[in-house]
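Biologist: Could you walk me through this structure? Start anywhere you like.

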Amino acid sequence: TQSTWGHTSLLPRPMTSTERPGRCVIVVTVEIHEGHLEEFIPKIMANAHGARTTEPGCLGFDVVQDTSDPHKFVFYEVYESEAAFAEHHKTEHFLEFVRTAGHHMKAKERRNFVSLN
């Protein structure tokens, strides 16, 4: 592709759905209510550990905490496909997390991505 400066861009062109490698990347941001950290952290860590160790389609599940606000977290999840992500929602560790951790969350946003490499 041509850039605004007239030379060929080094960035790849957008991939079509049939060309995509298929890895499904999920980025969830959450904010936890004051006073709920001690209860919330073990629950999300159990969910992440269960996904990484028991789900063949889960390629990674990182939980990171904001250094300037310890009540804010990002979950970075990578699945081999959208089908593998759908299977994650059926697992006992995920269902347990949903049952027991929802009331700790003040805000939640989920974004879905596809890996380009």
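**A walk through the model**

Modeller: Aspartate 62 sits in strand β2. Keep in mind that this is a predicted model.

Biologist: Is aspartate 62 buried or exposed, or partly exposed?

Modeller: Aspartate 62 counts as partly exposed, because its relative accessibility is 43%, and buried would need under 20%.

Biologist: What does aspartate 62 touch, leaving out residues up to four places away in sequence?

Modeller: Aspartate 62 touches Val74, Phe75 and Tyr76.

Biologist: Back up a bit. How many helices and strands are there in the protein chain?

Modeller: The protein chain has three helices and four strands. Read from the N terminus, the order is β-α-β-β-α-α-β.

Biologist: And how many of its residues count as buried?

Modeller: The share is 32% of the 117 residues.

Biologist: Give me an example. Where is threonine 29?

Modeller: Threonine 29 is in strand β1.

Biologist: What about glutamate 31, where is that?

Modeller: Glutamate 31 is also in β1. At 22% relative accessibility it counts as partly exposed, because the cut-off for buried is under 20%.

Biologist: Which residues is glutamate 31 in contact with, leaving aside neighbours within four places?

Modeller: Glutamate 31 is in contact with His71, Lys72, His104, Met105, Lys106 and Ala107. Phenylalanine 73 is 42 residues away from glutamate 31 in sequence, and their C-alpha atoms are 6.4 Å apart.

Biologist: You mentioned His71. Where does histidine 71 lie?

Modeller: Histidine 71 lies in the loop that runs between β2 and β3. Its relative accessibility is 11%, so it counts as buried.

Biologist: What does histidine 71 touch, beyond residues up to four places away?

Modeller: Histidine 71 touches Val30, Glu31, Ile32, His33, Glu34, Gly35 and Leu37.

Biologist: How does the span of α1 come out against what it should be?

Modeller: Helix α1 covers residues 37-54, which is 18 residues, and at 1.5 Å a residue it should span 26 Å. The end C-alpha atoms are 25 Å apart, which agrees.

Biologist: New topic. How many disulfides are there?

Modeller: The count comes to zero disulfides. A disulfide is a covalent bond between the sulfur atoms of two cysteines. The test here is a pair of cysteine sulfur atoms within 2.5 Å.

Biologist: Are cysteine 24 and cysteine 58 buried or exposed?

Modeller: Cysteine 24 is buried, at 4% relative accessibility. Cysteine 58 is buried too, with a relative accessible area of 8%.

Biologist: Last thing, pockets. What volume does the largest pocket have?

Modeller: About 210 Å³. There are 16 lining residues, and those closest to the centre are Val28, Glu77, Phe94, Phe97 and Lys108.

Biologist: Which elements supply at least two residues each to that lining?

Modeller: They are β1 (24-32), β3 (72-79), α2 (82-88), α3 (92-101) and β4 (105-114).

Biologist: And how do the lining residues divide into nonpolar, polar and charged?

Modeller: Nine are nonpolar, four are polar and three are charged.

Terms used:
Residues numbered from 1 in each chain as written. Predicted model: local features only at pLDDT ≥ 70, side-chain atom pairs only at ≥ 80, totals over all residues. Heavy atoms only, no water. 1 Å grid on protein atoms, 1.4 Å probe; cavity = no way out; pocket = protein on both sides within 12 Å on 5 of 7 lines; lining within 4 Å. Points joined across faces, edges and corners; volume = space filled by probe spheres on them. Nonpolar A, V, L, I, M, F, W, Y, C, P; charged D, E, K, R; others polar. Buried < 20%, exposed > 50% of the residue type's maximum accessible area, 1.4 Å probe, protein only. Expected span 1.5 Å × (residues − 1). Contact = heavy atoms within 4.5 Å.
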